[in-house]
Amino acid sequence: MTTILSEQSVFTIVGARADGEDLWLPSIEAERTTGWALKPEGFCKGDVCVPVPPQRAGEFLDDGDINVAALWRHMGLPIAHDAAGETWVPATSATARSAQLQALDAPDFSLPDLAGTVHSLKALRGRKVLLVSWASW
């Protein structure tokens with residue numbers, strides 16, 4: 001079982017295989033966890049497509065599985081994993097993070113209140129919000 005921590009959610013995937021620095025996911029799981037789908041023009045997310053050179057197709061595709069780590073490296077994005085290859089974190093670039101900080105837009109997230117009702121920051125857009133956080137470190 002493999003866990004993928006993305007900016008959208010936490011995904012637990014059965015059928016994934018880690019091989020050193022490579023993470024192979026069934027194509028349906030790769031699309032569900034990353035948002036990138038394999039199309040004839042390459043890997044696409046919305047209107048954006050990243051072409052895959054034909055001579056490098058073996059790095060990304062193997063018997064219906066997609067190497068998500070190779071795709072991330074191909075796009076110049078960071079990806080990290082634990083030593084056992086059981087937990088992976090495909091991240092956004094420092095440039096994209098910097099642009100988000102420059103825009104002063106808080107990232108959307110959802111958390112439950114004490115009664116268990118989930119609230120998202122996006123749903124509160126346009127209203128004044130006080131966020132209080134605490135950490136033990």
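Biologist: How many disulfides does the structure hold?
Modeller: This is a predicted model, and the structure holds 1 disulfide.

Biologist: Which cysteines does the disulfide join?
Modeller: Cys-44 is joined to Cys-49, with an S to S distance of 2.0 Å.

Biologist: Is the disulfide right-handed or left-handed, and why?
Modeller: The torsion about the S-S bond of Cys-44 and Cys-49 is about 110 degrees, so the disulfide is right-handed.

Biologist: And Cys-44, buried or exposed?
Modeller: Cys-44 has a relative accessible area of 2%, so the residue is buried. Buried means under 20% here.

Biologist: Switching to rings. How many aromatic pairs are there?
Modeller: The structure holds 1 aromatic pair. The rings of Phe-43 and Phe-60 have centres 6.1 Å apart and planes at 55 degrees, so the pair is tilted.

Biologist: Where do Phe-43 and Phe-60 lie?
Modeller: Phe-43 belongs to strand β6 (residues 42-45) and Phe-60 to helix α2 (residues 57-60), so the pair ties together parts 17 residues apart in sequence.

Biologist: Are Phe-43 and Phe-60 buried or exposed?
Modeller: Phe-43 is buried, and Phe-60 is buried as well.

Biologist: Now charges. How many salt bridges does a search of the whole structure find?
Modeller: The search finds 5 salt bridges. One of them is between the side chains of Arg-17 and Asp-62, at 2.7 Å from N to O. This pair links distant parts of the chain, with Arg-17 in strand β3 (residues 17-19) and Asp-62 in strand β8 (residues 61-62), 45 residues apart.

Biologist: How exposed are Arg-17 and Asp-62?
Modeller: Arg-17 is partly exposed at 33% relative accessible area, and Asp-62 is partly exposed at 35%.

Biologist: Which residues are linked with Arg-17 in a network of salt bridges?
Modeller: Asp-62 and Asp-65 are linked with Arg-17 in that network.

Biologist: Which residue forms a salt bridge with Asp-22?
Modeller: Arg-73 does, and the closest N and O atoms are 2.7 Å apart. Asp-22 sits in strand β4 (residues 22-26) and Arg-73 in helix α3 (residues 68-74), so the pair ties together parts 51 residues apart in sequence. Arg-73 is partly exposed, at 40% relative accessibility.

Biologist: And what does Arg-56 form a salt bridge with?
Modeller: Arg-56 forms a salt bridge with Glu-59, with the closest N and O atoms 3.0 Å apart. Arg-56 has a relative accessible area of 27% and is partly exposed. Glu-59 is partly exposed too, at 36%.

Definitions and conventions: Residues numbered from 1 in each chain as written. Predicted model: local features only at pLDDT ≥ 70, side-chain atom pairs only at ≥ 80, totals over all residues. Heavy atoms only, no water. Phe/Tyr/Trp six-rings, centres within 6.5 Å; stacked < 30°, edge-to-face > 60°. Helix = DSSP H or I, 4+ residues; strand = E, 2+ residues; numbered from the N terminus. Buried < 20%, exposed > 50% of the residue type's maximum accessible area, 1.4 Å probe, protein only. Disulfide = S-S within 2.5 Å. Salt bridge = Lys/Arg side-chain N within 4 Å of Asp/Glu carboxyl O.
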